[in-house]
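Come and look along as I jot down what I find.

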Amino acid sequence: MDSSTNSLDDASADGSTDFPDRASMMEVRLQAQEDEITLLKSSLADALRRIRLHDQLLPLLKQQLIAVNPGAARVLNHVCCSDGCTGSKRLSSSSAVDGIHHPATSQLSDSIVTNANGHIGSPVSMMPRPRSATLDRSTQTEPILPGQDTGKDRVPLPMRVQSLQLEDALPPGQPLVDGTRAKLHRAPGLEEEDEEEDEGGGEQEKELSWTSSVEEPIQPTTIRCLQREDFPDGSCSPEELGSASASVRTADSNLSSRSGPLSPIQEGEKKPLVRRNSEKLGNPERQRKRLDKKAASSANLLARSPSLENRAKDLVAGAGSPGSRRGTYSQEQSIKMFIRGRPITMYIPSNIQNYEDLKMELPSERLELDWVYGYRGRDCRANLYFLPTGEAVFFIACVVVLYHINNRTQRHYHKHTDCVRCLTLHPDKVRVASGQTSGVDKDGKPLHPCVHIWDSTTLVTLQQIGLGSFQKGVGSVAFSFADSGAFLCVIDDSNEHMLSVWDCNKGSKHAEIKNTNEAVFAVEFNPSDSTNIITCGKSHVYFWTLTAGQFTKKQGIFGKYKKPKFIQCFVFSLTGDVLTGDSEGNILTWGKSAADVKTLGKGAKETLQIMRQTRAHEGSVFTLCTLQGGALLSGGGKDRKIIRWSADLAPERECEIPENYGAVRTIADVDGEELLVGTTRNAILRGTFSDGFVAIVQGHVDEMWGLATHPSQNIFLTCGHDRQVCLWNTEEHKLDWCITLEEYGLCAGFCPNGSVVSVGLSTGRWMVLDLLTREVVSESIDGNEQLSVMRYSPDGSFLAVGSHDNFIYIYNVTESGRRYTRFGKCNGHSSFITHLDWAKDGKYIMSNSGDYEILYWDIAAGCKLLRNRFESKDREWASYTCVLGFHVIGVWLEGSDGTDINALCRSHSERMVAVADDFCKVHLFQYPCPKPKAPSHKYEGHGSHVTNVCFTHSDSHLLSMGGKDTCILQWRVIQGGAGDSRERLASASSASTSSPEPATS
């Protein structure tokens, strides 16, 4: 027990280093103490089991002694007399029940001799043979003397049995001499599990049979001391009590050595004898049943804590009186992993013979980024440009996407290590600069933000600007125009919003200054003068002049005009004026004004003031875009309008985009007529004023969790906190349909027939949608907490609904997935359900919970919890999404806290498993990966925790879904091993650029 406790404490100490806060450390320690309590209870269960076995042996022992020597009957009657032993009987009973180790009780429980394997006894020969004096305390015998009649009183037994030793047959005061021995034997198959004994009841009692085998004759001297004087009151004589007490002490002293000679029993000590439970005469049958019940109850407790099974076995073995129990296995047959100090035991399947010899290798398959769904428009500005190649450039998560609007193909620049925040196009229309946030690594250390300058034709990085110079992230970037883009202006996200200018060719900093503590939205060089820079943001417009590496600042004067809360955007007109759009819906024209000498006195300098105010939109003006002829485009927020203005700001045309796409975030000119519009609901629209606008890029707007792929078609469904349920096509790379719910969805699952899909919501409600009509065909509510899993059985006859109320609800499914009736409820988890999977036969479920628990359920038997998890070690699963299990131990990194892996998915070919982690990575492991520190291919692209992953029905693609980045990445599975007959489908409509070689973890 000490070694087991120390190992658990060590593991708890190691885990606590990852949780410096006091609350987490106390939680780890509390869990360790709970494990110790469970371990002690399991030891008690084992002790009660042995006591019960001895109680069954005692009547048979008496019968055998009487059969060998009928004169012993009278002595045994006195031993069992209730008048003289009532007090001792009560004491012994309380000792057994409370687990207190009294000498009399331990004498009985320690009398079972176990072999090296922990089983009771061993097969012995039935042929009599001479032997020396035995240590069996059950029958101490004398040596056979020459000429002595050894056939007298011999009782032969033809049965092959197992041996048990009991010292009760030793006569009080009998000296130990050399001789032969007699043994008590038990027929094989007597010991059964607690659950079988509970169910068997009286029938099993009939099956349990005990018999005796006398290897050598018992001499009359062996039992002559059993005869004694009867006292008038029926109690034991003082001499007998003294000798019996000495016998108990001698037996205990020899417990640790069963192969050496026994010490003679000391006589003359007069101490009360505490009798065992088996010597009670009150109601033996009732007492036996009570002990049976207690043993079964404690055994059930042990079964509910299977992670301590091996520790309990080690504890019993260390006590010197082990017993075998079916369902208890050695460390070679199970392995443990620790999460937050909690041990999780996993049993090794039968088909793995040498676990230590298993080698974990990288999967032969690899992933290549095929398509990116989504656009970041809800919180970013000026992030959509049109290239001469016919491609639109935008970003989402860590990927800059180049989408050909006519060919409908994508290329990707994904050298950023965290979310891209800003984008600008070089005057040559080829080079692109993109800036990212800082982010943190898996250890919580901040990563350095930077700006990448790269070639949009080759996707080669040309320059990395400012690594280690920026704080928090890069908020805005702009190339200079007057000198053909020789300089890059950057504003970071630090508290002072540092303004810096960099040499694009050398990558060196040219100048830097503190900007303002207020938010900054945009920065631009004056197209005709690279020494003039303008920034705008919250309640300010600043005009900067760069001379000899030094900045001077002038603030725009609002004068008689109302000062808006935000200056959202600005552009330069053909005349050199600055036009700004603000949160009041106005377009302000700024210009230079002569110094007011009368007001400011001599030495006053010229100021930059508002020359004109033009009412443009209701609500904010989010974007301004100049056209080649001098015309101006403005995009409104609240009114969702796009207005075309003449050079003198006279409105010419306008249109309104559909409400479901949100407000106008940015506008890119295609050819003077056709426009690209980025919206605040993460969509990109294409169209004209006359023909209207259609969406060419769409995405979710808020955090996503629900992901499901169709069982036979190349489509998948997503849902998230934006209350949208979207059906996507992986071949055409488009959104088939989208509906909006009253509550947000968190999980989804397709019926195996593919006609309907179920969606679990945040309130405990779930609904079933028809894929063709999009109508709700069924609806139900289970509890009032959010649902986390929707999973159909392989044949579609059942639906399992995992909830945060700790239950799994099971439904019968009929009428091709359109009718649902409650079948049962799985009750046993102590925390919310996180993942579950069905067995291939559709009868069993494996589930994980928020407290890192693995449970197995027999659904066909009425949603029964399977107490013995060992029985499920060879079960085959139709899917594998549970993050805890023997086959996926290797996906967990050392020091993981249990929340580092959000989801995983095994491929249908059962060759690989994809993992979504909390550090923005997608991993590809070999399946199975049952050993820690398994190697994997690691892929970047997401800018937030990856919430879900799923393979398509043919394993041709993998889909991964980000949380806060609202991004869906579609990965093509590339087969790397030669000789594999499976073909990988590549999308004919995609020309995705190959990903860089993935890192191996």
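In which loop does Ser 350 lie? I found Ser 350 in the loop between strand E5 (342-347) and strand E6 (365-373). Helices (H or I, at least four residues) and strands (E, at least two) are DSSP runs, numbered from the N terminus.

A note on the source before I go on. This is a predicted model, in which local features need pLDDT of at least 70 and side-chain atom pairs count only at pLDDT 80 or more, while totals for chains, interfaces and linings use all residues. Residues are numbered from 1 along each chain as its sequence is written, and side-chain values use heavy atoms, with hydrogens and water left out.

**Entry: Ser 350**

Why does Ser 350 count as partly exposed? I looked it up: Ser 350 counts as partly exposed because its relative accessibility is 38%. For these words, buried is under 20% relative accessible area, exposed is over 50%, and partly exposed is in between (1.4 Å probe, protein chains only).

Next I checked what Ser 350 touches (contact means heavy atoms within 4.5 Å). Leaving out residues up to four places away in sequence, Ser 350 touches Lys 873 and Asp 874. Ser 350 and Lys 873 are 523 residues apart in sequence, yet their C-alpha atoms are 7.6 Å apart in space.

I then turned to strand E51 (residues 901-906), where six of the six residues are buried, so E51 is largely enclosed by the rest of the structure. E51 pairs with strand E52 (residues 912-917) in the antiparallel sense over five bridges; for two strands to pair, DSSP must find at least two bridges between them. I noted Ala 903 opposite Ala 916 in E52. The two strands form a hairpin with five residues between them, and Glu 910 in the turn has a positive phi of about 60 degrees.

How many residues of strand E27 are buried? I see that five of the six residues in E27 (residues 621-626) are buried. E27 and strand E28 (residues 632-636) run antiparallel, joined by five bridges, and Leu 624 stands opposite Ser 634 in E28. This hairpin has five residues between its strands, with Gly 630 in the turn at a positive phi of about 100 degrees.

**Entry: the whole chain**

Last, I stepped back. I read 12 helices and 58 strands for the protein chain, and 57% of its 1001 residues are buried. Among contacts with a separation of 6 or more, 55% join residues 24 or more positions apart.
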